[in-house]
Amino acid sequence: MSDLRNYISQIKKINDLKIIKRKVSTKFEIAGITAKVDGSHAVLFENIKESNFHLVANLVGTRKRFALAMGGTENNIHAKIISAIKNAKHPRIIPSGQFLENKSKNLFSMPIVTHFEKESGPFITSSVAYAKNPETGKQNSSFHRMMPIDKTHFTIRMVEGRHLHRCFIDAKEHGEDLKIAITVGVHPAILIAGAYQAEWGQDEIDIANSLLGGKLTLTKLPFSGLNVPSGSEIVMEGKILRDKTHPEWMVEMLQTYDHKRSQPVFELENLYFRTNPIFHDVLSGYSEHRLLMGMPIESKLNGELKKAFPQTLQVSMTNGGCNWLHAVVQIKKKSDSDPKKIIKKTFASHRSLKQVTVVDEDIDPTNAESVEYAMATRFQADKDLMILKKVRGSSLDPSSNQKKLQTAKMGIDATRPLSKRPEGFELAKIPKINKINLEKYIK
Ligand SMILES: C/C(=C\C(=O)O)CCOP(=O)(O)O
């Protein structure tokens, strides 16, 4: 129940998967087809020109399939993630991972996709990396894109200060390479947990196990000693070299090109895969990527804000803000000082945020027009605007100082001032309008 094949069977049953038998190329063609089905069904490519592997894309590209991956519905996504974080439980370890069925030393046996015209090369975009936290001895799991350099080397992009990067810096300071494992083609619950930024020392795989009802099992790898999901389609193990970097740049969640970065190099020791393996590709900046990265953080924001400020009704990471940079917080305001405190807390809970808008309970935080209406009618820039300068922001935003990771942030209090007459903000209603049937009046 806890591997990619189980999930593929589930979405097949509800007619949410299309199988493509026509021969396709990893060079732009798979990316083009995935972009065209964005927002609708998943696709399974069974005939790939450059590889014998099958490839699935747009796997959890809708809220419906995202929720299904956690055994939930579109309405309880936040609750499911928050509960899984609270009830995280370590998976059982078993000796026999199915991925041990086949072995290779050539990473080009995988159908690694070239997505966009100006990227530095093809990228694996669904790769989850596992490493040992040097302080707690527990494992960490997190998403990292990887670009092949040759048969046994990849670049691996690590955001500075994030947990895998901290593990790598620690190894480097001790004059060592960092042993890691990487999986591609796992149950999407593992991806959802891998995208969540848990506390330092908490293993995201325990959250995945909770999302999977305690049914996840792990298998220990011979070279790294790390434990990875037993049902993974593809597993790589090796080390991130302490003294080697290589240039790379790719399209990010914002659908723009990242700048050229020198990133560390991963050296492959073993590549394992199941018989008839299924590779998973995530198209950067499109729905699946935005849902996978944005939803766990949106859930975290909902959990933390509602706990600290019970007047919070809902937090939405907006589509226009790439589901990463902008949030709207809907509250039932008790005091005029609430919004500014809430803005500060929201920024503190997700440091990549650049804009936070607070609105009243009659404004839909997921609807950009409704939020703009609140700004037009309830906001005065000289007192309701909060500007933070030169603070840590997202590495993704091209308008910021990406070298120093510094940005300006804006908090907007678009709530009704309690001191003003309430009728001034009330949406006017026409009595008995629902009883009027236009057909009786206009023939
Ligand atoms: C969401 C990120 C990358 C991507 O999937 O494109 C990582 C960005 O992290 P920041 O902390 O906002 O730099």
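**View 1. Accessible surface of the protein chain in a predicted model.** The protein chain exposes about 20,300 Å². Carbon and sulfur atoms supply 51% of that area. Of the 443 residues, 54% count as buried, that is, under 20% relative accessible area.

**View 2. Charges of the protein chain.** There are 66 positive and 48 negative charges.

**View 3. Overall dimensions of the C-alpha trace.** Along its principal axes the trace spans about 70 × 60 × 45 Å. The radius of gyration is 23 Å. A compact globule of 443 residues would have a value near 22 Å, so the chain agrees with that expectation.

**View 4. Domain 1 and domain 2 of the protein chain.** The domain assignment places domain 1 at 78–281. Domain 2 covers 309–419 in that assignment. The C-alpha centres of the two domains lie 32 Å apart.

**View 5. Contact between domain 1 and domain 2.** Which residue counts does the contact take from domain 1 and domain 2? Domain 1 gives 12 residues. Domain 2 gives 14 residues. Contact here means heavy atoms within 4.5 Å.

Note on methods:
Residues numbered from 1 in each chain as written. Predicted model: local features only at pLDDT ≥ 70, side-chain atom pairs only at ≥ 80, totals over all residues. Heavy atoms only, no water. Rg over C-alpha atoms; globule rule 2.2 N^0.38 Å. Buried < 20%, exposed > 50% of the residue type's maximum accessible area, 1.4 Å probe, protein only. Areas by Shrake-Rupley, 256 points an atom, 1.4 Å probe, with all protein chains shown as cover. Lys, Arg positive; Asp, Glu negative; His and termini not counted. Charge placed at Lys NZ, Arg CZ, Asp CG, Glu CD. Domains from an automatic or database assignment.
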